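Me: I am new to this structure. Please show it, and then let us go through it step by step.

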Amino acid sequence: MPWCLAALFGQAEATTQDFTLYISSGTWPINGAGGTIVDIWGYGDRAGSPTVPGPALTVYEGDNVNLTVVNNHSIDHNLVIQGVSTDLSAIPPGGSKTYSFTAPTAGTYLYSDTLNNSVNREMGLYGAFIVRPADGSNRAWTGGPAYTFERTWVVSDMDKSRWNDVAGSGGTIDTAVYKPNYFLINGLGGFDGMMDPATTLDGMVGDTALVRIVNAGQYSQSLHFHANHFEVLTSNGVRWPSPYQQLDTINVPPMTTADVLFHLNQPGHYPMHSHTSQMETANGIYLNGVATMIMIH
Ligand SMILES: [Cu+2]
């Protein structure tokens, strides 16, 4: 927008945000009963340190973003931000690419590797791209619903024996068969997810949490919040009109996002868990799948 309008609306001048992510193979621990160490391919913010999910990338609406991806792995990869970037081409082994774009409207987006028939994404190549309002306010979008604190939940699934073990040892996966036995929230099994301060909804009565849900997996995730209902603000980037629909469970299809507003209004400790019983498990062990805690003081 012209500078005079930007001044009128109090927006900061667009800044430039530079990121570099490094793709490599590695291993990832899933702790607790049923846990394991799984072969992964991931994005990391340091060379040789892939994480599941990849680092959350946070920018402000209108920023000039330069996202460099370095492929330190032995096969082709890419990085596509759904609804934002359009270059699907491969970065060859040893190569790199800088994606340059203007940060879109405020919201929650999925980034992932779209190559190799979902294998690259299943192996761990995904993460959250978060756009905040240009004025820096704690609102879901400019002039939108306000919140006290925010959380990002990247949920996913892995089929260790048929996919990760095979891909990790250089074999060819039969992608027609996918039976995941690990279900993760922010790369964690539920026993860790229930204690991770970046995952739990931990606050005071009267607080409001914006929860950004990103489903990077291959199955829908149905997330059930105990304590009280939440308001659905967006589904896959589409904003709903106010008054917002109130639900206690939200279904988030694969490769989509949802933003919900949770009002902390009843003191106590409550679970948030997947409503699909298998997705609450790590290799069959309950409750080491998609789960965290709601702690209201
Ligand atoms: Cu429940």
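Reply: The centres of domain 1 and domain 2, taken over C-alpha atoms, are 19 Å apart. This is a predicted model: local features need pLDDT of at least 70, side-chain atom pairs count only at pLDDT 80 or more, and totals for chains, interfaces and linings use all residues. Residues are numbered from 1 along each chain as its sequence is written.

Me: Which residues does each domain span?
Reply: Domain bounds come from an automatic or database domain assignment. The protein chain is divided into domain 1 (3-132) and domain 2 (149-296).

Me: How many residues of each domain are in contact with the other?
Reply: Two residues are in contact if their C-beta atoms, placed from the backbone, lie within 7 Å. By this count, domain 1 brings 32 residues and domain 2 brings 34.

Me: Which element gives the largest share of the side of domain 1 that touches domain 2?
Reply: Strands (E, at least two residues) and helices (H or I, at least four) are DSSP runs, numbered from the N terminus. Those supplying at least two residues each include helix H2 (119-122) and strand E2 (36-44). The largest share, five residues, comes from E7.

Me: Where does E7 sit in its sheet, and what is the strand order?
Reply: Two strands pair if DSSP finds at least two bridges between them. Six bridges join E7 (residues 107-112) to E8 (residues 126-132), and the two run antiparallel. The edge strands are E3 (57-60) and E5 (80-81). The open sheet has mixed pairing, and E7 lies between E8 and E5 in the order E3-E8-E7-E5.
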